[in-house]
Structures are given as C-alpha cells and as structure tokens.
Amino acid sequence: MRNAQVFTKLAIPLTLATTPGFTFYPVYKLVPVGTEYDTLIYFSVAMFDMWLSVASVVVVAFVPFVEPKMLLFIRWFPRKQAALSRMKSQIPESDVYFNQLSKALHA
C-alpha cells in the first residue's frame with residue numbers, strides 16, 4: 001500500500017518531466033525521410049533521448065522529497081559502509097568458500 005502511494009506521488013512529476021520530450025516525436029514521424037530535413041530528424045531523435053535522460057535525473061532527484069525516509073537512508077548509508085569496512089573479515093572471500101566446502105565434505 002505504501003509503495004502505491006509513493007508511485008502515485010511520483011506520477012505527476014514524472015509526467016511533467018517527460019511530456020516535453022514527446023514534442024520531438026511528431027517531428028521525427030512527420031518529416032519525410034530522404035529530404036534535406038534529415039538533420040532535423042536526427043536532431044529530434046537526439047533531443048528526445050537527451051530529454052528523457054534529463055527527466056530521469058529530475059525524477060530520481062525528486063524521490064527524497066516524496067519519500068522523506070529516503071533522506072534518512074541516504075544520510076545513514078556512509079556510516080553503514082564505514083561500519084562494514086571495519087567489520088571486514090581477515091580471511092579472503094575465496095578462502096571462506098573453500099573452508100566451508102571442506103568442512104561440509106569432512107562432516
């Protein structure tokens with residue numbers, strides 16, 4: 001239920017951010033291919049791709065405002081990484097696998 005509320009709140013900014021990019025699509029579809037306007041077609045395709053990339057960044061940047069708990073996670077994440085690096089085992093990961101395998105085979 002909670003995820004549906006977050007997606008509902010993100011739907012409006014997502015729609016507003018992506019709609020201008022779709023103004024380039026009619027240029028791509030309506031301009032005939034093989035004329036001197038091929039550059040316009042390529043430009044509209046490039047702008048469409050660029051706009052959707054920019055819209056993605058805008059929507060991802062908007063997520064913490066929609067879901068404030070995300071800000072808490074973002075602030076907590078570097079501390080978690082530091083704690084994990086301190087707790088790192090002295091045994092390399094490959095040795096751990098083979099040690100567990102040998103214990104399982106000899107048990």
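What pattern does the chain follow, read along the sequence? The pattern is α-α-α-α-α. The secondary structure comes to 5 helices and 0 strands. Helices (H or I, at least four residues) and strands (E, at least two) are DSSP runs, numbered from the N terminus.

This is a predicted model: local features need pLDDT of at least 70, side-chain atom pairs count only at pLDDT 80 or more, and totals for chains, interfaces and linings use all residues. Residues are numbered from 1 along each chain as its sequence is written, and side-chain values use heavy atoms, with hydrogens and water left out.

**Confidence**
- pLDDT is the predictor's confidence in each residue, from 0 to 100.
- The chain has a mean pLDDT of 77, and 75% of its residues reach 70 or more.
- Confidence is highest in helix α3 (residues 38–66), at a mean of 85.
- It is lowest in helix α4 (residues 69–86), at a mean of 65.
- Where pLDDT is low, the predicted coordinates should not be read in detail.

**Annotated spans**
- UniProt, in an unreviewed entry, places the feature "transmembrane region" at residues 7–28 and 40–66.
- UniProt positions follow the numbering used here, feature names are shortened, and annotations may be inferred rather than shown by experiment.
- Residues 7–28 are 77% helix and 0% strand, with end C-alpha atoms 31 Å apart.
- Residues 40–66 are 100% helix and 0% strand, and their end C-alpha atoms lie 38 Å apart.

**Burial and core**
- Of the 107 residues of the chain, 15% count as buried.
- Buried means under 20% relative accessible area, exposed over 50%, and partly exposed in between (1.4 Å probe, protein chains only).
- The largest nonpolar core has 7 residues: Val6, Leu10, Ala17, Ala55, Val59, Val63 and Val66.
- Helices α1 (2–18) and α3 each supply at least two residues of this core.
- The most comes from α3, with 4 residues.
- A nonpolar core is a set of buried Ala, Val, Leu, Ile, Met, Phe, Trp, Tyr and Cys residues joined through side-chain atoms within 4.5 Å.

**Leu52**
- Leu52 lies in helix α3.
- Leu52 counts as partly exposed because its relative accessibility is 26%.
- Gly21 is 31 residues from Leu52 in sequence, yet the two are 6.4 Å apart in space, C-alpha to C-alpha.

**Tyr28**
- Tyr28 is found in helix α2 (residues 24–30).
- Its relative accessible area is 40%, so Tyr28 is partly exposed.
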